[in-house]
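Here is a quick tour for someone meeting this structure for the first time. Take a look at the sequence and the model, then read on.

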Amino acid sequence: MTSIALYRSSDHHGRPRAIAWWLLGVAVMVFVMVVVGGITRLTESGLSMVRWEPISGIIPPLNAEQWQAELDAYRATPEYIQVNRGMSMAEFQAIFFWEYVHRVLGRLIGLAFAIPLAWFWISKAIPAGYHWRLVALLALGGLQGAIGWWMVASGLVDRPDVSHIRLAVHLMTALFILGGLVWTALDLFALDRDAAAKPARMTMFGFVVLLVLAIQILFGAFTAGLEAGYAFSTWPLMGNEWFPANAPMLDGFWRNVADNPVVVQFIHRWWAVVTVIALVWLARKVRKDNRMASVAIHSAFGTQFLLGIATLLTGVDIVVATAHQGVGALVVVTAAWGVHLIGRRQPA
């Protein structure tokens with residue numbers, strides 16, 4: 001009887017630990033999605049599927065006739081006409097593969113979130129105050145799918161590549177979801193340890209650190225979308241200068257900041273230093289609370305900084321560049337962990 005009473009008392013507060021582990025599982029899937037997205041971009045596979053079919057699109061071409069129909073549809077796109085004219089079926093299937101995997105993984109993440117969420121909700125396992133947050137994460141996931149198609153659509157009309165602005169929105173939304181999953185899981189683990197625990201608060205310091213990191217991610221996405229990484233493959237100088245004096249410039253300051261590959265690469269190089277300073281500061285502040293978190297933050301941004309340099313020096317080698325995107329996601333995870341630790345110190 002005592003054990004039954006204890007179980008019911010615990011169940012009254014939901015099952016925060018189980019939900020936290022589920023969220024971390026989904027976060028791992030999102031991390032894989034980010035890596036696959038990087039491969040899709042680097043192999044220039046993103047425009048190989050010219051239709052958005054959320055339900056029927058999960059079934060790939062199954063015979064020669066269906067493959068030919070897909071290739072014929074691709075042949076009408078600017079990318080094929082201007083870049084890949086004459087592409088063989090085998091070459092097309094290679095790029096189709098990565099975009100297909102990317103889209104199917106997105107659907108699997110949606111199912112991996114929606115089905116357990118419904119079960120936890122029906123079984124009344126969700127602690128009070130967390131229902132809205134979980135629904136918001138689900139809605140963000142659905143929005144991300146729409147953003148992905150919005151991005152792809154920008155490369156199907158009159159240009160052979162996607163808008164780097166839309167690419168940035170797509171990547172940053174994915175990383176925001178990843179950070180939200182980790183943050184919510186950490187809140188739930190705290191609730192499991194202490195039934196009176198309140199969600200961590202976003203401090204001004206934490207907000208500034210995440211803002212600095214977000215700016216670096218934004219310019220990383222711009223660098224990828226504009227293929228600005230190919231502009232200069234030297235470091236720390238761009239060629240023989242800190243900034244090339246003869247770099248072609250666009251009209252207007254903000255156009256150069258957003259659209260000029262040379263300027264974008266320059267900003268991404270040196271805003272990385274500002275980001276490192278912010279993350280070092282964050283790691284030092286959380287060390288007394290959790291040494292492991294401090295080590296994780298240092299390890300993530302240190303590896304990422306070196307991978308960024310290596311990406312330039314190797315002329316954007318696909319393996320190095322993919323690792324750069326993947327570790328970038330880990331920087332977001334560790335930063336969210338650190339900012340969450342600081343937020344837990346704040347009074348409710």
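## Around Ile 95

Leaving aside residues up to four places away in sequence, Ile 95 touches Thr 43, Glu 44, Ser 45, Ser 48, Tyr 74 and Met 87, where contact means heavy atoms within 4.5 Å. Before going further: this is a predicted model, so local features need pLDDT of at least 70 and side-chain atom pairs count only at pLDDT 80 or more, while totals for chains, interfaces and linings use all residues. Residues are numbered from 1 along each chain as its sequence is written, and side-chain values use heavy atoms, with hydrogens and water left out.

Ile 95 lies in helix H5; helices here are DSSP runs (H or I, at least four residues), numbered from the N terminus. At 9% relative accessibility, Ile 95 is buried, a label that means under 20% relative accessible area, with exposed being over 50% and partly exposed in between (1.4 Å probe, protein chains only).

## Rings

What about the aromatic side chains? Searching the whole structure turns up 19 aromatic pairs. Rings of Phe, Tyr and Trp (its six-membered ring) pair if their centres lie within 6.5 Å; planes under 30 degrees apart count as stacked, over 60 as edge-to-face and the rest as tilted. Phe 96 and Tyr 100 make a stacked pair, at 6.3 Å centre to centre with 15° between the planes. They sit about one helical turn apart, because they are four residues apart in helix H5 (residues 89-122). Phe 96 is buried at 3% relative accessibility, and Tyr 100 is buried at 18%. Phe 97 and Trp 98 form an edge-to-face pair, because their ring centres are 5.0 Å apart and their planes lie at 75°. Phe 97 is partly exposed at 43%, and so is Trp 98 at 26%.

Ring pairs also link Trp 67, Tyr 74, Tyr 80, Phe 92, Phe 96 and Tyr 100 into a cluster.

Most residues other than glycine have a negative phi, and most peptide bonds are trans. Two residues here that are not glycines have a positive phi:

| Residue | Phi | Relative accessibility |
|---|---|---|
| Lys 124 | about 55° | 69%, exposed |
| Val 316 | about 65° | 15%, buried |

Where do they sit? Lys 124 is in the loop between H5 and H6, while Val 316 is in the loop between helix H11 (291-313) and H12. There is a cis peptide bond too, from Trp 235 to Pro 236, with omega near 5°. Pro 236 belongs to the loop between H8 and helix H9 (253-259).

How values were computed
Helix = DSSP H or I, 4+ residues; strand = E, 2+ residues; numbered from the N terminus.
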